[in-house]
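Open the structure in your viewer and keep the selection tool ready. The stops below say what to select and what is there.

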Amino acid sequence: MPSLIAHVETFLRALGPVGWILFIALYALAVTFYVPGSVLTLLGGALFGPRLGVLAVLAGAFLGMAGNWFLTRQWLRPWAQRKLEQNPRLQRLEQVLSRDEGWKLVALLRLSPLFPFVLINLVCALTSNLRFPSYMAASATILPGTVLYIYIGDTVRQGLTLDGGLEQSRFFLRILGVAATFAVVWLVGRTASRVLKKQLSETDT
């Protein structure tokens, strides 16, 4: 695994800025075509580190969300509609999103682990009352989770290349930082999930 990451990193660095752009393009394509991006997010942290990793993943994610939105609405609507009809839970979610200020629910969805990222994209693209600018703006709440995954990816990479006591001490501090970040993201996600469950339950009454 360390050698694989090293080879990929060497390849991307040899390409210069093109390598960074290539990663963003691959990430955007994955999101556009409903491929979960969690592994790519971890890889982004391992390859580019915290700063460039977060920028690359956010750029790819937002380009992918935009591509997925228009792809689903223009060409994949029948397929996406069938997926929605097969899942009562997603149907309830679509009903809640159709209410006024559905963008607020999108923001909560991006914070909560209740629904996978790709399913949120599908339901949002099928919700006629939801406007594209509001959808994209509300999706900015993917930032905490993105930072956590990038941080984990970078930490794993550092752990695989440890050498010496000083590096081990720094790595221990990094682990504490990851744990603290995870705790914050978990608490925020738990709160968002509680609000979502309440709103979804209201559609059954």
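Which residues form one aromatic cluster? Select W69, F70, F132 and Y135, which together make up that cluster. This is a predicted model, in which local features need pLDDT of at least 70 and side-chain atom pairs count only at pLDDT 80 or more, while totals for chains, interfaces and linings use all residues. Residues are numbered from 1 along each chain as its sequence is written, and side-chain values use heavy atoms, leaving out hydrogens and water.

Rings of Phe, Tyr and Trp (its six-membered ring) pair if their centres lie within 6.5 Å; planes under 30 degrees apart count as stacked, over 60 as edge-to-face and the rest as tilted. By this rule the count comes to 6 aromatic pairs.

Next, select F23 and Y27, a tilted pair with 6.2 Å centre to centre and 50° between the planes. Both F23 and Y27 are buried (under 20% relative accessible area, with a 1.4 Å probe and protein chains only).

Now go to R89, which lies over the face of F115 at 4.3 Å from the ring centre. For such a placement, CZ of Arg or NZ of Lys must be within 6 Å of the ring centre and within 35 degrees of the ring normal.

How values were computed. Buried means under 20% relative accessible area, exposed over 50%, partly exposed in between (1.4 Å probe, protein chains only).
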